[in-house]
Amino acid sequence: MDSSYQTLMSKILIFFLISIFFNISVASGDKPPHYDWTPLKNVTDPDVVNLGTFAVTTHNSQTHTSLVFDRVVYGLMKVRTDISGTDYKLIISIRDGTGQGTDRFETVVHRGIKNCIQCLKLKYFKGPVNSVLEFF
Ligand SMILES: *[C@@H]1O[C@H](CO)[C@@H](O)[C@H](O)[C@H]1NC(C)=O
């Protein structure tokens, strides 16, 4: 009698411990920091390439530099319901115009309306970066 009571109590205790653990891990959000960003499937898609060239040409005209777009290396997108439109985080490979080498730059481009080239806005542009992890 005593023994089966203890077994039952142990089972209840274990059940509670598991529930508490589960609740804590759900509440603390076991999600990566950029869980709401979706990776772009194809960074050679002309639409993505267009976002990359836009970032470089806009940055060039703002800062009077002559960086040359090479390719988009990696990209994430996030639909913005608060301001409407979509944000794109891109890692871009860039030639500096003088040497043969390429550097990686980070950029964020906002697009107000889907497929609207005129609705692009450069929000962030930085580089060269040593590690993609600085950004992502
Ligand atoms: C990515 O997009 C390019 C350009 O549209 C296309 O040629 C290529 O086949 C696509 N790759 C994949 C894996 O869909």
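## Reading a fold from its contacts

Visitor: Leaving aside neighbours within four places in sequence, which residues is Lys-126 in contact with?

Guide: Phe-105 and Glu-106 are in contact with Lys-126, once neighbours within four places in sequence are set aside. Keep in mind that this is a predicted model.

Visitor: Where is the place of Lys-126, and is the residue buried or exposed?

Guide: Lys-126 has its place in strand β5. Count the other C-beta atoms within 10 Å: Lys-126 has 12, so this residue is exposed. The cut-off for exposed is 12 or fewer.

Visitor: Where is Leu-40 found, and what is in contact with Leu-40?

Guide: Look in the loop between β1 (38-39) and α2. Beyond neighbours within four places in sequence, the contacts of Leu-40 are Val-48, Gly-75, Leu-76 and Met-77. Leu-40 has 18 C-beta neighbours inside 10 Å, so this residue counts as partly exposed.

Visitor: Now the whole protein. How many helices and strands are there, and what pattern do they follow?

Guide: There are 2 helices and 5 strands. Along the sequence the pattern reads α-β-α-β-β-β-β. Of the 136 residues in the protein, 15% are buried. Now take contacts between residues at least 6 apart in sequence: 47% of these join residues at least 24 apart.

Visitor: How do I read a nonpolar core?

Guide: Start with the general idea. In soluble globular proteins, nonpolar side chains tend to be buried together. Then turn to this case. The largest nonpolar core has 13 residues. Those touching the most other members are Leu-51, Ala-55, Val-56, Leu-90, Ile-92, Ile-94 and Val-109.

Visitor: Which elements each supply at least two residues of this core?

Guide: They are α2 (46-63), β3 (86-95) and β4 (102-111). The largest share comes from β3, with 5 residues.

Visitor: What is Val-56 in contact with, apart from neighbours within four places in sequence?

Guide: Val-56 has contacts with Leu-67, Phe-69, Ile-92 and Ile-94.

Visitor: How do I read a helix such as α2? What is its span from first C-alpha to last?

Guide: Compare the span with the one expected at 1.5 Å a residue. Helix α2 has 18 residues and reaches 25 Å, close to the expected 26 Å. Next, list its buried residues: Leu-51, Gly-52, Ala-55, Val-56 and His-59. Look down the axis of α2. The buried residues fall within an arc of 125 degrees, so they line one face of the helix.

Visitor: What covers the buried residues of α2, and which exposed residues sit on the face turned away?

Guide: The cover includes β2 (68-79), β3, β4 and β5 (120-126). On the face turned away from the buried side, α2 carries the exposed residues Pro-46 and Ser-61.

Visitor: Where is Ser-84, and what is its phi?

Guide: Ser-84 has its place in the loop between β2 and β3. Its phi is positive, about 65 degrees, and Ser-84 is not a glycine. Ser-84 counts as exposed, with 10 C-beta neighbours inside 10 Å.

Visitor: Which residues does a cis peptide bond join?

Guide: Gly-127 and Pro-128, with omega at about -5 degrees. Pro-128 lies in the segment after β5.

Visitor: Last, the ligand. Which residues are around the ligand, and how do they divide by class?

Guide: Asn-42, Thr-44, Asp-45 and Pro-46 are around the ligand. By class, this shell has 1 nonpolar, 2 polar and 1 charged residues.

Conventions. Residues numbered from 1 in each chain as written. Predicted model: local features only at pLDDT ≥ 70, side-chain atom pairs only at ≥ 80, totals over all residues. Near = placed C-beta within 6 Å. Nonpolar A, V, L, I, M, F, W, Y, C, P; charged D, E, K, R; others polar. Core = buried A, V, L, I, M, F, W, Y, C linked by C-beta atoms within 7 Å. Buried ≥ 20, exposed ≤ 12 C-beta atoms within 10 Å, placed from the backbone. Helix = DSSP H or I, 4+ residues; strand = E, 2+ residues; numbered from the N terminus. Contact = placed C-beta atoms within 7 Å. Expected span 1.5 Å × (residues − 1). Arc of directions from axis to C-beta.
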